[in-house]
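Hi everyone, thanks for coming. Let me put the sequence and the structure up on the screen, and then I'll walk you through a few spots.

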Amino acid sequence: MTTQGVAILGSTGSIGTTALKVLSRHTDRFRVAALTAFSNAQLLSRQADEFHPSFLGLVSDGEEGQAAIVSNGASRHHASGRACLIEAATRPDVDIVLNAVVGAAGLDATLAALECGKRVALANKETLVMAGHLVAQAMQRGGGEIVPVDSEHSAILQCIAGRAREDVKRVVLTASGGPFRDWPREKLAVATAEEALRHPTWRMGKKITVDSATLANKGLEVIEAHYLFGLAFDQIDIVVHPQSVIHSFVEFVDGSVLAQMGAPSMELPVLYALTHPRRIQDDASVRFDPVALSPLTFERVRHDDFPALRLAIAAGKASGAAPAVFNAANEQAVEIFLQGKMTFGEIPRAIEAALDALSDAPADSREAVQAADARARAFVREKLGC
Ligand code: NAD
Ligand code: MG
């Protein structure tokens, strides 16, 4: 059997390291062809020693990091700067691009991979949110495809794969509720970064962990589901499910409901994004034990206390530049929050102000989307005096 080459963009992060763990169990089918990281040259070098990719990319061009990469196997091709993401994503020995970069920085690589006809296993949801229509156009032009890694969207795909799209009535995304699910509103407003980073069920990168605390993450996921599955916004609902065992529901037109479930781990969604629509034997998967995972409970979303979700849905419905503005304002606000320079309650207020001021702008090209992104970041920095 010939192996498929996998490029991992963001290999040093939470999803990236999970993916390498999964790939190490399936070397008969997949070969690690390219790895990129932002600045962690030491870990990238260790990964290269173990997986022998033909290409390594380090985005930040600090001399120390580059030296570590260069000294690691002179025969290996390596590159630096932002362009290394596109190079990794478009190499001829790459069949699948796992985009596990965090934030808008992943957009160009997704577009380039799709233009080249590759499969993009997409963890980097921000890409779809900011430029869903450009992603669809790139897919059409190049013949590439997107398979989601996000656990909720992987669950939906697993429930609908092989069925007619008209049979789907609506989907219900599950949300853990994050660390502040049952916090009173007054306490929420002044929650600290340290508190926001204590997620009850998932171990993830810092940005998505804060997004899970504000519910901005669920908002991004609503827009992601809209683009991935061609669903109208009123066909996408959300329910809080603190145990994170049911990864989402699909309701069909005859009233039947399917759910996909399993212990909270990203290993299965990563593996399924590589093998879809097939499945392969994976001996490390945790045996499903419904009694050990019980009870499973469900609650309504506290929309008034977590306004970022409502703002994301409104931005998705408004379309145009609004989703890109939402995403960029959120990314900038989270960065400032993590630096301890603003309160938790100010995050949605900053996003709302940016949306009010900047949504009405074109978004019909990559340049227009990047411009909307840059304006939103500058707006939030200025508003908060950073
Ligand atoms: P992380 O912070 O742990 O890792 C991010 C990776 O991207 C790192 O390898 C880093 O080097 C790289 N990176 C960061 N900034 C970059 C830049 N400007 N240019 C190029 N590379 C850069 O994040 P994560 O938790 O692994 O999340 C990655 C993506 O996957 C996010 O879009 C997140 O929303 C999505 N996601 C994550 C999980 C999870 O369980 N962690 C689940 C669902 C979706
Ligand atoms: Mg998710």
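Let's start with the aromatics: Phe 180, Trp 183, Phe 337 and Phe 344 come together as one aromatic cluster. Before I go on, please keep in mind that this is a predicted model. Across the whole structure, the search turns up four aromatic pairs. One of them is Phe 337 with Phe 344, an edge-to-face pair with 5.7 Å centre to centre and 65° between the planes. Are these two phenylalanines, Phe 337 and Phe 344, buried or exposed? Both are buried. Trp 183, also in that cluster, has a charge over its ring: the charged end of Lys 187 sits there, 3.9 Å from the ring centre.

Now please turn to the metal. Which residues are the protein donors of the magnesium ion, ligand 2? They are Asp 150 through OD, and Glu 152 and Glu 221 through OE, at 2.1 to 2.3 Å from the ion. Along the sequence, the donor residues follow the spacing D-x1-E-x68-E. Glu 152 belongs to helix H7, residues 151-160, and Glu 221 to helix H11, residues 216-229, so this pair ties together parts that are 69 residues apart in sequence. Glu 152 counts as buried, at 8% relative accessibility, and Glu 221 is buried too, at 1%.

On to the other ligand. How many residues surround ligand 1? There are 23, and the closest are Thr 12, Ser 14, Phe 38, Glu 126 and Gly 205. Let me pick out some contacts with oxygen atoms of this ligand. From the backbone, a polar atom of Gly 10 is 3.1 Å from a ligand 1 oxygen, and an N or O atom of Ile 15 lies 2.9 Å from one. Glu 126 contributes with its side chain, where an N or O atom is 2.7 Å from an oxygen of ligand 1.

Conventions: Residues are numbered from 1 along each chain as its sequence is written. Chains are lettered from A and ligands numbered from 1 in the order in which they are written. This is a predicted model: local features need pLDDT of at least 70, side-chain atom pairs count only at pLDDT 80 or more; totals for chains, interfaces and linings use all residues. Side-chain values use heavy atoms; hydrogens and water are left out. Donors are N, O and S atoms within 2.8 Å of the metal (3.2 Å for Na, K and Ca); water is not among the atoms, so sites may look incomplete. Helices (H or I, at least four residues) and strands (E, at least two) are DSSP runs, numbered from the N terminus. Buried means under 20% relative accessible area, exposed over 50%, partly exposed in between (1.4 Å probe, protein chains only). Rings of Phe, Tyr and Trp (its six-membered ring) pair if their centres lie within 6.5 Å; planes under 30 degrees apart count as stacked, over 60 as edge-to-face and the rest as tilted. A charge sits over a ring if NZ of Lys or CZ of Arg is within 6 Å of the ring centre and within 35 degrees of the ring normal. A residue is near a molecule or strand if one of its heavy atoms lies within 4 Å of it. A polar contact is a pair of N or O atoms within 3.5 Å; within protein, one must be able to donate a hydrogen and the other to accept it, and residues adjacent in sequence count only if both atoms are side-chain atoms.
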